[in-house]
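These are my notebook entries on a structure that I examined for a reader new to it. I begin with the display itself.

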Amino acid sequence: MSDSPVINAPLDPEEKPILDSLLYIRDKLSLLKQDRSTYIKSKDVLSLYNETIKQVQLLNDVREERKKPLENNRVDNVLEDCFQLISLFFLTVGRNNEAPAVYSMCSTVKRLLDHLSEANFYTAKDLDGIESTFATMRATLQRGKESYSPHLLTLLENRLDTCHLILEELYRRLVNLSPELVPTYEKLVSILRSMAACNTRNTFPAGEVRAFQDQLLQMQATMVDGKFLGNDSTIPQGQEIVSNLLNRCLVWADLCLEKNGKIDERFKTTYDKLLEIRNQLEKLTLTQAWSLRETDLYNYQRQLDRIDESRIDGNFEDAQGNKADLHTQRTLLYLIRRSYAYIYGLIWSSEPVSEALLPVFNQLQTLRRCLLEVKKSGGVSSPRELYPYSMKLNSIDNMRTDGKFMIGSDIPEGQGSVNALLAECFDTAYELRVEAEENSASDE
């Protein structure tokens, strides 16, 4: 397993035993991640979490003694790997609402915010979604104060504070954008993103990009003396923000059409790797409920981190130190940012249910969708039509022992979510049956 991509500083001899222990823990986490023969158990994850926290305490003691509390070297890199894996394991076992689960989301949000700040085109809606995530993460940390190590909680709180400062700065950049110009601005953001996506297709859709170019030119044609006017012919605030973005879009459209989807051969290997990661993550978003083990995201995160941090002063460079052209630079960055966004979405939508119970949970979600569709379309004409649903629900209900779904002698996490979903399905089926019986009685 590879280290986190941060450059390593020289290691103090006193930290060597801690590094060895953390490498051993990381190896155990990696082996556990790769084992598909059985589901991951909470007790195994908690044991490795406690081992990691023990090393954190030792590391803090060593550094406080040397008066170097903020040092960052290979120990920190390996520790980052351990916490990242442990966080994803917490999601995998269904402990989404506990403090360690916040770590992976926090790391992903930091990457997204850094890229939004660098790209400097985004909408308030993008930021609102992240701000909502912050509120959820802070509430999770608050609940964990009595249960988890203050070392972990302090680390996460500091990271959230750092992220929030970036978020506030991003909001500030939009503060002078008049509400009258917001629809135009958001349209430009959408077009720029859409053209970037076109640039990564197997066959470059020149016609689609020209259509976007036409839209941009139409928007430019509405300007008077280089200004966008409001409904009352006044000049709203935020002209510079919108006009700069329009110019960026026009330049990008010309560049995409000129390159015709062809990437500089010097960066083709990086492009192909990023395209593969993006496509695999996109596929996972479509099949998440049935195929995703959250720990699988670790490898994608690390690959993206390595490529992202290989940039020099924000630029991709070839082996001779020559910078990538603007077209290549923006295309590679689009793939990185899109991939981080997919990871963010996959973590956010992870259900608080152990992978051991996911097959049952997914079946119940499908049943609920079917029952709600039946209800939406007017119900059933006869209670007989509900027999298949009732039989399936009863077979799932019979899997419980004393009201719990057991796997051998273990009680996997997520019992509340699965039982609530089962009860909802039973209630919906009952309502449909009562409605069908009443309709049959009135017909007679």
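Where is the place of I235? I located I235 in the loop between α8 (206-221) and α9 (239-259); helices (H or I, at least four residues) and strands (E, at least two) are DSSP runs, numbered from the N terminus.

Entry on the source. I note that this is a predicted model, in which local features need pLDDT of at least 70 and side-chain atom pairs count only at pLDDT 80 or more, while totals for chains, interfaces and linings use all residues. Residues are numbered from 1 along each chain as its sequence is written, and side-chain values use heavy atoms, with hydrogens and water left out.

Entry on the whole chain. I looked up 15 helices and two strands in the protein chain. Of its 444 residues, 48% count as buried, where buried means under 20% relative accessible area, exposed over 50% and partly exposed in between (1.4 Å probe, protein chains only).

Entry on I235, continued. I235 counts as exposed because its relative accessibility is 53%.

Entry on helix packing. I found that helix α2 (residues 42-65) and helix α3 (residues 74-92) pack at about 155 degrees, with axes 10 Å apart. Axes are lines fitted to C-alpha atoms, for helices over the stretch in contact, and angles run from 0 to 180 degrees between N-to-C directions. α2 and α3 are therefore roughly antiparallel to each other; angles under 35 degrees count as roughly parallel, over 145 as roughly antiparallel, 65 to 115 as roughly perpendicular and the rest as oblique. The axes of helix α1 (residues 16-34) and α3 come within 9 Å and cross at roughly 30 degrees, so α1 and α3 are roughly parallel.

Entry on salt bridges. I recorded 34 salt bridges in the structure, each a side-chain nitrogen of Lys or Arg within 4 Å of a carboxyl oxygen of Asp or Glu. One of them joins the side chains of R95 and E413 (3.5 Å, N to O). R95 lies in the loop between α3 and α4 (102-119) and E413 in the loop between β2 and α15 (415-443), so this pair ties together parts 318 residues apart in sequence. R95 counts as buried at 15% relative accessibility, whereas E413 is partly exposed at 28%.

I then turned to D305 and R111, whose closest N and O atoms are 3.3 Å apart in a salt bridge. D305 lies in helix α11 (residues 297-308) and R111 in helix α4, so the pair ties together parts 194 residues apart in sequence. Both D305 and R111 are buried.
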